[in-house]
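Hi everyone, thanks for coming.

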Amino acid sequence: MMEDPIQNEHRPRERRCNICRLYAEALTNFYPLVCVGVILISGACAAVSFLVYDLPDFEEPTKGFEARGTPITTSLISYYNYLDTFYSANDNAPPAASSRRRKRRQASPPPSLSTAAPSTESQNTIPYGTPTDKSDGGGIPSVPHSNVNTRICVDFHPNQYYENPSLVFGAKGKTDLFTAETMKSACQLEEEIIRSHPAFNGSCQSCSQWACPDSWSLGGYVALLNSKSSCDDINSTDVANVRTLLHKCAGYYVDGSLSKLCAFYGTCEEIPPECTEHDAVYLILHYITSKTFVEAIANDEDTTLPLMSTFLPLYNQYVLEQIYLDNIHGNTFSNEDVALKAVKFRIKFRLFEQFLFSDILYVGIGLAIILIIIWIYTKSFLVMMAAFINFILSLILAYFFYVVVFQRPFFPFVNITALIMLIGIGADDTFVYMDLWRKALSEHRGGKLVVVVEDALRHATATMFVTSATTTAALFASMFSDITAVKCFALFTGITILMNFLLTLSWLPAVIILQHRLMEICCKNEDNQQDTKSSTLEYLLTPFRVFYDKILPFIVVKLQYVWIVSLTLLGLAGAIVVFWKPGLKLPSSSEFQILRTENYLEQYDLVYKNHFKYEQNKQDRMNGIVLFGVKSKYNGDPWNPDDYGDLFYDEAFEFSSPEHQLWLESFCEDLQNQTFYHSTHFYGECLINPLKLFMSRDCEGGSLSPCCNESTFPYSASTFDTCLKQCHTHGSCQSGLPLYDTENDFKLRAFGIFFSCTTFRSFNFGIMQNYWRDVNGWMQTKFATAPESLSSVFFTAESGDQLWFFDLQLNLASGTQISLGVTLAIATGILIVTILNIVLALYAILSVAFVVLVTMGSLVLLGWELNIFESVIFTLAVGLSVDFTIHYGVAYHLAPFSHRNERTEFSIQTMGSAITIAALSTFIAGALMLPSTVNAYLQLGIFMMLVMSISWVYSTFYFQALCNVFGPQGRIGELTYCCKDDDPTLVSGGKENVIPVQNGGSSRENSQRLNIISGDAVKVGDINMGTTPSISPIQPDLTPPVAHLPGTPLKNSDDESEQSDRVSLKKPDGLPPEGVTNPMYEKE
């Protein structure tokens, strides 16, 4: 006896969990409270976050872009904490050392290690209109000079007191800048760019000769050396005279005998006087002309000048900002021969916060376009506004959890880019939920609203959880990084996506229910108008439906082998580009890029800075530090870049016995014999040496005993302690910056050894890696032989930013690999659990892997390096590229057919349009970031465009082609659950049976689509453009009595109105006629 299909459908429903039903009932009955409650809660969170806690500060964009907790940074932080303690104990701490804020850049090294005062933006600032006072004793006296009318200050130099702002001019084509015409052109461009601004004259830096002198330019010095009033008056003869002079004097500059201030102090008597007049030759070669030109001139070669600098008599940074924003930013300057190439104003960090927020305009434009797409797709202005509010509330709640709940003290600027990702992902979730709502509403037309809400929520939860979980997993995996800014970005952006997921399942359904109730009340008499509008829209969308129903499946199927071979080769090529040649390189420049590469300010730092002699690395040597008595330990907050923790003394430290003295003496002798050792600094001499020298003095009749030559080395512990204290008081034993315990009889607490290495400072990873491996390796071997009381000894290096940058490179290399591995593993698990088929999951992982490789390879070819923000982007590639493949995989798995060809075509039909609209919205969000000035916005925009395009291509063509050729059939590779009987699948052993039909949907008869997420099963028409795919023969005796799609809404028997809308389809006895693609069904 045949079971009643409807009766059969009831039994699983009774065993289903009631959580979804209860939540749906709560939303349906209390949707106004949900809407108001979400707004009130979000408002309260915003009030607490923004009023109680400090707002983010982006004045230091580089803050947080360094590792914490690694062996290298821990030793460096311990060293700087030691310096801070030493200066404080000796009451000679520099003002900056008293503050924990940015201690790494502020704490001063020992005097002997300070080779040059660092130049910072704060040093450049002079109050508006205040001239520099050069009359003090530290100034440079005015030099007598001939009476010339050239308005150039010759009594001080550019960069003498501050870093003068400068412009870099370049030749257009093969033009030589060392001509009268090009020099005049450069002067005219300077007049147009700088001096024409109204704020210039009031801030021009005066000198003893002129209230507002001319700039230090090549044309100006040619005029000065030829007694002309300005560069506008020079001619070719004047230029030729100066070129001859440079050929004559360049050799003195190269060998170092011609230096600055020769003219002032008269210390260069061996040099011809014309080479030292006004120091013009030195200034031209050192500051103004490029180093390639200088080298050629020194070799007495005829060469062209490709670049030259012009230094401005202007220091006020506020005026420089004003001039840059008004005259330079967004403009290009050039004439026939000369073009402005770069600007050195040292203001990019000051302007960064302004650019960061002004570029939000592009995000706003992208958001507006996506909202319009949502409006068109959902046909609802209210839903569009709900989606917009969803974006805003997601950010507010994420910030609340980040600041208030998790108490994160630091908010880096990269966190703002979470908005861009949120727009793409949030729009995708809105499309998905609205599609599910429409399908559920259509299927349950005339039924209870709570059933519609329940079905839409049940399917939306699973689908959107997959999308959110993969991206969130990729972000949270980046929290393994030791880099503070990366950890903060990963946490905030991950929370933002989770908040969007929760709001999409609470706020958005409540608003949609509100709209539904309003439509029931207000629009009962507008059904005919709505039908007319729907028919018009259906007509307009017909070409798109034809494309996704027929053309796209035809392209995928007919060219399946082409897609498999070509896209496999493309993926392998991506792997070669990433891992072999040219390869994903670690950052090679220490310059922190915050603006797009084309920006004049960034061009100077990234491209033109090293083209001039005065900007060349001074080739300072690496300085090694060995510290005794303190531990290399960090207890600061890794989430707070301003927290450097405390200095930890080694309580077991003891240095006085003869054994300790002999070991230290042996260590110092062995150190000086190493190939990496260069010299010992005055303040870093081995502590034993000055003590032995102090002890070698005459005893003077015993008055100095035992601290005199009557004691022999090694000294007894008591003699060592007594004499070391006397030696320090005498001022002879201050080497190594020793710290003494004033509360314990002035006992030695800690000390260091400072020495210079043969390795020059470099930001090259290979050079620093060899340096650290050789020196640190030798140190660890020697430390292993130290007495137990000295076992806390550790080595570090004072090297400016070189060692910090090297450690950053190490962490980027290892941290990115770990994050990618963790993310890929999580994505694999999500794919398997979601698709429920091992074979499909393997194909999906292969497709995702190729997406990641091609995306990364494309970025490598675009010149990207593995920097901090790039490392996060590469990790996100996994999370953002898996979504489309998951949707197609689920559609294939749940297709109401057993043969791979039909299942592939079915998945393309059902999911192609939804995936395309999601990819398009995210692509648009990325594309509209391309005009941004901030480099992070630009990079994220490029990445989103690439990953969406590549992911769409691989999921639609590669994954589907694999499924069409090698995809599983029937139940091959499927995973089963203990509850499988509660939700039987439609396909069982290759058989097809009763299928629920969507009622009230599209009026098309020949090709009806299935929305696989909502579980609507319908008849599939001819989608093969006239071809007839083969299908498995159907054996009637094996056909189960009833089946339905997983997740298909099962109706209760009391919903009579819903039962009346349901029809069952019966397969006729026997096999289908020859040439019929699908079995013919008829209504019972």
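Let's begin with a pair of cysteines: C707 and C723 form a disulfide, with their sulfur atoms 2.1 Å apart; a disulfide here is a pair of cysteine sulfur atoms within 2.5 Å. The torsion about the S-S bond of C707 and C723 is -95°, and the link is left-handed. C707 lies in the loop between α25 (688-695) and α26 (717-730), while C723 is in helix α26, so the pair ties together parts that are 16 residues apart in sequence. Helices here are DSSP runs of H or I with at least four residues, strands are E runs of at least two, and both are numbered from the N terminus. C707 and C723 are both buried, and buried means under 20% relative accessible area, exposed means over 50%, and partly exposed is in between, with a 1.4 Å probe and protein chains only.

A quick word on what you are looking at. This is a predicted model, in which local features need pLDDT of at least 70 and side-chain atom pairs count only at pLDDT 80 or more, while totals for chains, interfaces and linings use all residues. Residues are numbered from 1 along each chain as its sequence is written, and side-chain values use heavy atoms, with hydrogens and water left out.

Back to the cysteines. How many disulfides does a search of the whole structure find? The search finds 7. One of them joins C699 to C708, with the sulfur atoms 1.9 Å apart. The torsion about the S-S bond of C699 and C708 is about 90°, so this disulfide is right-handed. C699 and C708 are both buried. There is also a disulfide between C204 and C212, S to S 2.2 Å. That link is right-handed as well, with 95° about the S-S bond of C204 and C212. C204 has 12% relative accessibility, so it counts as buried, and C212 counts as buried at 17%.

Now let's turn to a strand. Why is β7 described as largely enclosed by the rest of the structure? Because 10 of the 14 residues of strand β7 (residues 747-760) are buried. Strand β4 (residues 621-628) runs antiparallel to β7, and 7 bridges join them; two strands pair if DSSP finds at least two bridges between them. Across from R621 you will find F760 in β7. Strand β6 (residues 739-741) also pairs with β7 in the antiparallel sense, over 3 bridges, and Y740 has L748 in β7 as its bridge partner. Between β6 and β7 there are 5 residues, and the two strands form a hairpin; D745 in the turn has a positive phi of about 55°.

Next, a residue that reaches across the sequence. L671 sits in helix α24 (residues 658-672), and at 2% relative accessibility it counts as buried. L671 and M779 are 108 residues apart in sequence, yet their C-alpha atoms are 8.9 Å apart in space. Leaving aside neighbours within four places in sequence, L671 is in contact with F676, Y677, I753, F755, W778 and M779, where contact means heavy atoms within 4.5 Å.

What about the nonpolar cores? By a nonpolar core I mean a set of buried Ala, Val, Leu, Ile, Met, Phe, Trp, Tyr and Cys residues joined through side-chain atoms within 4.5 Å. Which members of the largest core, with its 239 residues, touch the most other members? They are F345 and F943. Helix α32 (residues 935-966) gives this core its largest share, 17 residues. A second, separate core has 66 residues, including A750, F751, C757 and V775.

Helix α20 (residues 507-522) has 16 residues, which at 1.5 Å a residue should span 22 Å, and its end C-alpha atoms are 22 Å apart, which agrees; the expected span is 1.5 Å times one less than the number of residues. Among the buried residues of α20 are W507, L508 and H516. The cover over the buried residues of α20 includes α2 (19-52) and α16 (381-405).

As for the threonine, T74 is in helix α3 (residues 71-89) and counts as buried at 9% relative accessibility. Apart from residues up to four places away in sequence, T74 touches G69, S632, K633 and Y634.
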